[in-house]
Amino acid sequence: MTWIDFCWPVATGAGLAIGLVHLWIGVRGASGRANLLFALNAFLIATYSYTELRMIQAGNPAEYLARLRWLDLAAGTLTITLLLFVWSYFGTGRKWLGILGIACMGLSMTADLMPVPQLVFREFTGIHFVTTFGGATYPVAEGVPSPWNALFYLSVLLQLLFVADASITSWRRGDRQRAVVVGGTIVIFYLLGGLQAALVDIGVLKTPYLVTFIWLIILGAMAWELTRDLLRSAEISRELHDAQERMQLATTAVDLGVWEWDIDRDKFWITDTIRKRLGAGPAERVNFSRFLQSVHPDDREPTERAVRHALAAQDEFEVEYRSITAEGMTRAMATRGRVERRGNGQAHRVRGVSTDVTERKKAEAESYRQQADLAHVSRVSTMGQLAAALAHEINQPLAAILRNAEAAELFLQQDPPDYEELRAILADICKDDQRAGAVIDRMRLLLKRQYLEFTPVSLTDILDQVTMLVRGELQGRHVTLAVEQPGDLPPVRGDRVHLQQVLLNLIMNGLDAMEGRSAGAQQLTVQVRRSDEETVEVAVTDQGPGIPIDKLDLIFEAFFTTKSKGLGMGLAISKTIIESHGGRIWAENGAEGGATFRFTLKIADAGGAA
Amino acid sequence: MSETSPTVFVVDDDVSFQVSVARLLRASGFQVRTFSSATDFLAQRPPGSRGCVVTDLQMPGMTGIELQAALAESDNPLPILFLTGHGDIPTSVKAMRHGAEDFLTKRAPKEELLAAVQRALARDVQDQAERTRRHELRSRFSRLTPREREVLTHVLRGQLNKQIAADLGINERSVKRHRTSLMAKLQIQSVAELGQLAVQAGFSDR
């Protein structure tokens, strides 16, 4: 038993052990190809060292030669797998160099398997035994070297160049450690191995070839890197997991659903929040139509249209829709997405988030409802102030109807009855009935509780209706109302009732401001003009004392009033109404006394969203 | 019809009510003319017209109360009857104090309205008669000479001829002559009658 009998089996065992470990890792799938190639490498090294041991232990030249053939085959295959490992692991290097190296080695191996010539020797004459340190003996072949041997070395050189080239590119790309540890080790130890073999061949060194151990070192370097990769990927996966946990925590806390849509495969990646909302199982595949199923039937078509439109023309989009949860509840959802496109502009991926906005919508609706209720209360209160005048407005036609009916009774008693007159009376009765009815209709419209509804409305019509409502009041207060408006006034975007309310408020305010002023003719002016392409401005001017300068900013505040009977809500409500119409309201004092209240409204076809 | 046949002048800015009231009044046998404003009526009514005015209280421009005042100042006042949509007490009190014939709501019962118009017309006849008589009396008084007026004043104070003669610085016989003359001009026989007449004619010593 010499050190040779000890070292070579150890090398075989090491190769086998490392090979088995990486075979297992490779099969498990973590960077599989590199690990499988590496395992193959390790097994080939084990084979090599085992074959070499057997060759060293050969008793006669025939045995030696047979084992030498197998040894060369193992060596050649080993270089090819090593090259393939570098190729696959680095992903760099000139391909033609690698292919050429593999081709040369293939050719050498073919030569090796031929009965004659042999790869190393053209003529094999025999073996002699050399004793090296430690008293170990080993056989050395004698013969005429084969020219095929040169092909073998050329092939190794090509492979070396390939590895060097791949390592340099890898270094340049910033993967320095991998380039140095794997590439550097391969290059240096290939050269060292070659040097040692050459020294043995020319008889300077009296030892067996130590290529086995060189390969073990290279194997060690590769294993080091692969293990480092494994550790790194384990770390990354842990970090990823942490990041995901944090994201999950954050998104759950704000009830935010995160999703990603692979359009080509129509597949959604979704967070648990969304999965729960959709009522989808943990493994259930979610696609666009599965998502649409969760949308309220009334909103499906518009939602789909919005998404399709976004895919075609937008980079970012926002959709609001109602969703039916797995429990059958209706929730308001808002989804915001970003479209990713290929070079040709075709959308291939959309990433986005969706939020449950039900509570916000509820709060909005509630505040909206309260606002509408307040406006309603104020309208009712204004109508209360107008009650006497409105009663008069209704009384007038009713009185006319009564007198006409009484007159008709008398005409019928005549002989012959005056049918002409009777017909005229009946026509007048109908007309007066409609007149009284119209007053009631206008009152009822204003007394109705109603939420804002934007449609194109004619300001002229609104002004007419308000004028009719306040006619009696104006007469009672001896005020004339002058309305100035251009003939070609376009319709504005607004709510009929609420705009009437604003005008009514401003006119009543003007009347109140002028109350108790000198008798004489008093006038209230309403001017309507188009202030620009998109806007109409309405001004209500009185001849009262004007607004004290220090109160100009306060008058639109709630509960601010200078009147003894007012609620102080009229102007505040007018402001809310005008602002919800996208307009502005303000007050100013005239140069010669009197106050003017102005507000603006958007023209119906100019404002865009209707 | 003649100028002086009694007419009901209906003044109301609400044409539809104006027409309906006019119809009822015509059907009830009255002669009616309609006006849409107080100023129109004042400008267009025939001189010396007889009858009464039925007017709205609240009208643009001149109101019913203002019409009442303008009519009272004219030389041919007519009884005025107010119709109003809603009776408001302060205005009606004011109207009545200024001699309105009546103050009715527009939907007052027909009988009340017709009776009020009837009353107003009757009062116009009465007022007219009185005005005529006063006019006639005034013309009688206007024929007195200044001296006769002086004597009349003293007689109305209840003074005797002797006192009058002393006050005026003339003799008692002259006083007697003036008294006889003014009694003849005023077409009366007794001093008691003289007092009554002077009150009716609105004669005063001042």
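The axes of helix 6 and helix 7 of chain A come within 9 Å and cross at roughly 175 degrees. Axes here are lines fitted to C-alpha atoms, for helices over the stretch in contact, with angles from 0 to 180 degrees between N-to-C directions. Helix 6 of chain A is therefore roughly antiparallel to helix 7 of chain A (the term applies over 145 degrees). Helices are DSSP runs of H or I with at least four residues, strands are E runs of at least two, and both are numbered from the N terminus.

This is a predicted model: local features need pLDDT of at least 70, side-chain atom pairs count only at pLDDT 80 or more, and totals for chains, interfaces and linings use all residues. Residues are numbered from 1 along each chain as its sequence is written, and side-chain values use heavy atoms, without hydrogens and water.

Which residues make the contact between the two helices? Helix 6 of chain A contributes Val182(A), Ile186(A) and Tyr190(A), among others. From helix 7 of chain A come residues including Trp215(A), Ile218(A) and Met222(A). Contact means heavy atoms within 4.5 Å. By class, the contact has 14 nonpolar, four polar and five charged residues.

Now the core. The largest nonpolar core has 54 residues. Such a core joins buried Ala, Val, Leu, Ile, Met, Phe, Trp, Tyr and Cys residues through side-chain atoms within 4.5 Å; buried means under 20% relative accessible area, exposed over 50%, and partly exposed in between, with a 1.4 Å probe and protein chains only. Among the residues with the most contacts inside this core are Phe85(A), Ile186(A), Tyr190(A) and Trp215(A). Helix 3 of chain A gives the most to this core, with 14 residues. Leaving aside neighbours within four places in sequence, Phe85(A) touches residues including Phe38(A), Val182(A) and Met222(A). Apart from this core lies another, of 51 residues, among them Val457(A) and Ile603(A).

The backbone has some exceptions. Most residues other than glycine have a negative phi, and most peptide bonds are trans. Asp266(A) has a positive phi of about 45 degrees. It sits in the loop between strand 3 and strand 4 of chain A and is partly exposed, at 24%. His478(A) has a phi near 55 degrees. Its loop joins helix 13 and strand 9 of chain A, and His478(A) is partly exposed at 44%. The peptide bond from Asp415(A) to Pro416(A) is cis. Pro416(A) lies in the loop between helix 11 and helix 12 of chain A.

Terms used:
Chains are lettered from A and ligands numbered from 1 in the order in which they are written. Angles under 35 degrees count as roughly parallel, over 145 as roughly antiparallel, 65 to 115 as roughly perpendicular and the rest as oblique. Ala, Val, Leu, Ile, Met, Phe, Trp, Tyr, Cys and Pro count as nonpolar, Asp, Glu, Lys and Arg as charged, and the others, Gly among them, as polar.
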